[in-house]
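Q: Here's a structure to look at together. Take me through it step by step, please.

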Amino acid sequence: MTEGEPKAQGPRRPEMRVRPTAPIVPPSNVSGNALMLVIAIMAFLACLTFGAVSMVRATAASWQSQISREVTIQIKPDDALDMEQALKDARDLALTFAGTRDGTIVDRAATARLLEPWLGEGLNLDELPVPRLVIVTIDEQNPPDFAAMRQALAGKIPQAFLDDHRTWVDRLVAMARTTALIGTGVLVLVFSAMVLTVVFATRGALSGNRHIVEVLHFVGAEAGFVASEFQKHFLKISLKGSFAGGFLAALCFAVAGFWQGRSIATPESDQATALFGTFSMGLTGYLGIAATMVVIALLTTLTARFTVMRTIYEIDLIRSDPSRTDQLPDS
Amino acid sequence: MGPEILRDLTFDIPHRSFQFLTGPSGAGKTTLLRLLFLSLQPTRGIIRTFDREISAIPRDELPMLRRRIGIVFQDFRLLDHLTTYENVALPLRVRGKDEASYRADVLELLKWVGLGERINVLPPVLSGGEKQRAAIARALIDRPELLLADEPTGNVDPPMARRLLSLFLELNRLGTAVVIATHDLSLMDQVEARRMILSDGRLDIYD
């Protein structure tokens, strides 16, 4: 601060030195700190919502693509039917259709495993009339003609039934779309709240600095100069706040992803993965955080500029509207 | 709209002139100074400043005109987060001047007004008189063409008042027109200068 300040009265005092020039807008005060905190909180919430909504949208999209990637041929047992042969025939028949990629017969062991939770271990499939399955992978972009496949199967193997999961796919598509729509709605709401909060908090923080604007204006500063001083100050505040908020949101995703990675194959983790997807910040996530920071910085800076310009306009308005002279400080 | 504070005033402030503006409290001295400072516009009538009619001056030209006027507010209007030195240097700083180019001038002026030892002190720590001297130094630092001072010696002792008055006179000698609004008769008695006396909204001038 001050070097060489005289400590004792005496004939030879060291020359006083001027401290490094302070910024015209005070670097830190209560309202500035409060604004930074508000920006950090809103940036955190916005980034968190952005990440969560992106994740849910991706998961919803994967639900529908995973289900629609496969169709199942179910063959019911019949005394007159050679099941193993029927399974092969059904698979071969299905693969003759354009748009199919691969056919897998769910073998006896796999079928027993599928039924194990209900019928217990050591199940003898010969003793029970258990239907058998052929899973056919299809080209999602160019799906086969399911009606023709169904007809051909019914002609060759009457006990066969083709399930293209259409009902499930339709429901899941509707659910996925609804989820994505709700997510987008929440994102819009959170961003709207962020915009309003940042704008009003900035204006609030500026209102405590009106006297600075007034003095600068009266000592001959041009409006653009005053606005740029405040813009610089509020840009710093907004970048600090939004970086803190964005960093915390990214950290939350990293911690959640770490937990998911550590607890893989546990019921809790599987449930969370099935419902929400994988907690990971991809490039889109980081870009989203960066975009949120840019939006907040722009909002804060522009609000500061417009508010300062408006304050100066109001000060000049006192000049041109005598009925407002009562706003002048008494002297 | 409230009652008229000033009416039917006709006067001019010649170049390089020195005058006192006086009158009872509430006579409108501060209002008149504000009108001259372009921070108020008359309800009716015409004020010309630097050969421009003030109600016709575009807003963006006001800062440039204000730079030609130095004003000492009665309530000082110092910025509390800036030191005495920084407050006094503020008019030069907002004009975009390099600090090295004005540092010596600011320090010299601060010494002249008796604040040479207080350059790094913030206004909340200054006494009323010190604040007043800092406000005066800020108004003088860029050698304005017109200096308006509202009760500039209201908070200082008589010796300092005399010293400040000599500072105003020196500035006037260098070419600045000076208007000092004051109640202080003893101050006015020290100088043979024009007296503008406001009372009941009217102005009487004694050359």
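A: Let's start with chain B: of its 207 residues, 43% count as buried (20 or more other C-beta atoms within 10 Å of a residue's own; 12 or fewer is exposed, in between is partly exposed, and the C-beta atoms are placed from the backbone). Keep in mind that this is a predicted model, in which local features need pLDDT of at least 70 and side-chain atom pairs need 80 or more, while totals for chains, interfaces and linings use all residues. Residues are numbered from 1 along each chain as its sequence is written, and chains are lettered from A and ligands numbered from 1 in the order in which they are written.

Q: What share of chain A is buried?
A: Chain A has 331 residues. Its secondary structure comes to nine helices and four strands (DSSP runs numbered from the N terminus: H or I over at least four residues for helices, E over at least two for strands). The buried share of chain A is 28%.

Q: What radius of gyration does chain B have?
A: Chain B holds seven helices and eight strands, and its C-alpha trace spans about 45 × 40 × 35 Å along the principal axes. The rule for a globule is 2.2 Å times the number of residues to the power 0.38, with the radius taken over C-alpha atoms. For 207 residues a compact globule would come out near 17 Å, and chain B agrees with that, because its radius of gyration is 17 Å.

Q: Among contacts in chain B between residues at least 6 apart, how many percent join residues at least 24 apart?
A: A contact here means that two C-beta atoms, placed from the backbone, lie within 7 Å. In chain A, 81% of the contacts with a separation of 6 or more are between residues 24 or more positions apart. For chain B the figure is 72%.

Q: Are α2(A) and α4(A) roughly parallel or roughly antiparallel?
A: Two packed helices are described by the angle between their axes and the distance between the axes. Helix α2 (residues 83-95) and helix α4 (residues 146-156) of chain A pack at about 150°, with axes 10 Å apart (axes are lines fitted to C-alpha atoms, for helices over the stretch in contact, and angles run from 0 to 180 degrees between N-to-C directions). Under 35 degrees counts as roughly parallel, over 145 as roughly antiparallel, 65 to 115 as roughly perpendicular, and the rest as oblique. So α2(A) and α4(A) are roughly antiparallel.

Q: How do α3(B) and α4(B) lie to each other?
A: Helix α3 (residues 84-94) and helix α4 (residues 99-112) of chain B have axes that come within 10 Å and cross at roughly 125°. Therefore α3(B) and α4(B) are oblique.

Q: How many nonpolar residues does the contact of α3(B) with α4(B) have?
A: From α3(B) come Thr84(B), Tyr85(B), Val88(B), Ala89(B) and Leu92(B), and from α4(B) come Tyr102(B), Val106(B), Leu109(B) and Leu110(B). Ala, Val, Leu, Ile, Met, Phe, Trp, Tyr, Cys and Pro count as nonpolar, Asp, Glu, Lys and Arg as charged, and the others, Gly among them, as polar. There's one polar residue and no charged one, and the number of nonpolar residues is eight.

Q: Which helix gives the largest share of the side of chain B that touches chain A?
A: Where the chains meet, 33 residues of chain B are in contact with 26 residues of chain A. The elements giving two or more residues to the side in chain B are α2 (62-66), α3 and α4. The largest share is five residues, and it comes from α3(B).

Q: Is Arg66(B) buried or exposed?
A: Arg66(B) sits in helix α2 of chain B. Leaving out residues up to four places away in sequence, Arg66(B) touches Phe218(A), Gly220(A) and Leu38(B). Because it has 21 C-beta neighbours inside 10 Å, Arg66(B) counts as buried.

Q: What is the phi of Arg143(B)?
A: Most residues other than glycine have a negative phi. Arg143(B) is in the loop between α5 (128-140) and β5 (146-150) of chain B, and it counts as partly exposed because it has 13 C-beta neighbours inside 10 Å. Although Arg143(B) is not a glycine, its phi is positive, at about 45°.
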